[in-house]
Amino acid sequence: MATPRTADANTGQGKSKWDRVQEMEEFRLLLLAKKEFVVPTTVFFVVYYFALPVLVGYAPEFMSRKVLGPVNLAYLFALSQFFVAWGIAWAYVSAARKFDKYGVHILETLKREGYDEKQDGKRGL
Amino acid sequence: MRLDMTLVLFLSFIAITLGITAWASRRSGSSASFFAANRQITAWQNGIAVAGDYMSAASFLGIAGLIAFFGYDGFMYSVGWLVAYLTVLLIVAEPLRNAGKYTMADVLAYRMNPRPVRAMASISTLTVSTFYMIAQMVGAGSLVALLLKGSHISYTVAVTGVGILMIVYVVFGGMLATTWVQIIKAILLIAGTILLSLLVMAHFHFSLPEFFRAIAQVSYHAPDGKLIVKDFMTPGLRFKPPYGPLELISLGMALIFGTAGLPHILVRFYTVPDARTARYSVVWAMVIIGSFYIMTTFLGFGAATIVGRDFIAKNGGTNMSAPLLAKVIAGDVFFAFISAIAFATILAVVAGLTISASTSFAHDVWTNVVHNGVERSPGEERLVARIAAFVVGAIAIAIAIVLGPTANVAFLVALAFAVAASANLPVIVFSIYWKRFNTSGAVCGLLFGLVASIVLILIGPSVMGIDAATVVGAARHPIQHAPIFPLENPGLLSIPIGFAGALLGTFLGARDPRAVERFEELEVRANTGLGSEKATAH
């Protein structure tokens, strides 16, 4: 992702901060860490979620089987979706602590190089 | 007695929220405060507000009713509403907060030629918000008229009242007032739901096996008078072959991919100080939303077993299931309490929709499309937003009155989610994650998704159908012809069309070096929060 780029003519002062961050090893690692968590997790929850309507829709007899006293498989599977979703949210929050560390590191590096945060964020959209 | 009680509770909610609006109006003196509550809302506050924005009357009254009438198939609606927030959490919330300012279009237009992209994104936002709003207002009108039966508050008065209140919240209190209205409503809704669930369990002597045994033999009468006993935990009471399974999948797709494209949910993430807070606010929202939808088990199956389909059908129909359950189980005062909560629910949701629609008009259309991104005088954007809120509110009131209380408006909710999933989500995802994506891709994605959703709803069973001569007035299908598209939820087809449009537009359009270059910038912003909008002091 992080293609090394030469000086940015637009800024007139060498590289823009965007280019500078794109060059940083921490930024590459941040994107990689995010991708490694988000892509498989998204695939998992999408597959796990759509298994419910597919099974309920196409195998209703199987899903109607009582597995826990009067409670059937369909209800238990539906209920499990809630806890799986909460579990994934918890896992993401834990993983994101690592992402935040990279972010802090990147900002510190920029500040060391003279970047002033207060002058930023005022640009209109 | 119960009438007075309901009215008193209604009026106290209105008084409290108007008080908050007055307080907020003194703090809405800048654009950042009016549109984004100064970005000072905390994680738990925003989490509760997101839940408040999301749990509409369709959830509280609608799902309880669907479970009461169709058992397990009704509960299928509950599941997708929570899982959908994983898409928000993992893919959308943080980059959006980092890269945008006031609206969804901020992120979509970031790398692109801003005018066409903003114009399309705003059309999509306004479509989602106004259709969703009209559905809520028709629901509010019939509900208030039903709950306050005998009080001479007609449907028209109820709709106008709800409309005026939502305009007042937004025009005078901006995002800050809207946020607190959501928070109060969500707390009331959760409190009411917990109480009702406890009462249902008390009815079954706090024994889950006893509760589930009762669900296994729910009895009601068929239209021909025959007594039917059914296991309400069995799937298939509503979603029947041949199209039932596809309908379930299509509904799931609309929820899972649509929630992360709902403009009134997305703008909530601009009210917090940074992406980290946005992340924690999604988690808060998930705790509340998940708990609520699990408890629809007690609301819906409680209504099915304790109140029964027959009684509900005679006393106002599916949407009255939860209030009637309260009445049967705990008497008139509790009925009044639950009714007031339903009213607060609708009011809060329409206020959230109004602010997202008017912000999009002022910020996207007025400032950025018409005036090339320049606010000509200080405060102009806010003024335009206030006028837009007034106009949008007036239009929604007028349409809701014309449609009338018997109009079938469920399809408007389906339409809102379909547009969010088919037009907004593909373009949001590609904008943030795909380097090659360009202006023509964004415009085509929005356009294809929007048109596909609308057309498929128009030729689907919500609008087209052949009614018997006994069905009269607004309950009749607008087009008396067999439906051409078999599903009520078009997501199964319209979401791939939206993605295909975005891909097609990208590859057919010219390569856009500026969009590629700005991608590097957006990528840094979205992932690090560098240069993001900061919280401001009052």
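1. Starting with chain A, its order along the sequence is α-α-α-β-β-α, that is, four helices and two strands. Helices here are DSSP runs of H or I with at least four residues, strands are runs of E with at least two, and both are numbered from the N terminus. Please keep in mind that this is a predicted model: local features need pLDDT of at least 70, side-chain atom pairs count only at pLDDT 80 or more, and totals for chains, interfaces and linings use all residues. Residues are numbered from 1 along each chain as its sequence is written, while chains are lettered from A and ligands numbered from 1 in the order in which they are written.

2. Chain A has 125 residues, of which 21% count as buried (20 or more other C-beta atoms within 10 Å of the residue's own, with C-beta atoms placed from the backbone). Taking its contacts (C-beta atoms, placed from the backbone, within 7 Å) between residues at least 6 apart in sequence, 53% link residues at least 24 apart.

3. On to the interface: 47 residues of chain A are in contact with 45 residues of chain B. H5(B) supplies the largest share of the chain B side, 10 residues. That side divides into 25 nonpolar, 11 polar and nine charged residues; Ala, Val, Leu, Ile, Met, Phe, Trp, Tyr, Cys and Pro count as nonpolar, Asp, Glu, Lys and Arg as charged, and the others, Gly among them, as polar.

4. Beyond four places in sequence, the contacts of Ile289(B) include Trp81(B), Leu82(B) and Tyr85(B).

5. Val413(B) sits in helix H17 (residues 410-433) of chain B. Why does Val413(B) count as buried? Because 20 other C-beta atoms lie within 10 Å. Leaving aside neighbours within four places in sequence, Val413(B) is in contact with Ala58(B), Tyr132(B) and Ala135(B).

6. Lastly, a hairpin: E1(B) and E2(B) have five residues between them, and Gly225(B) in the turn shows a positive phi of about 90°. Across the strands, Tyr220(B) stands opposite Ile228(B).

How values were computed. Buried ≥ 20, exposed ≤ 12 C-beta atoms within 10 Å, placed from the backbone. Contact = placed C-beta atoms within 7 Å. Pairing = 2+ DSSP bridges.
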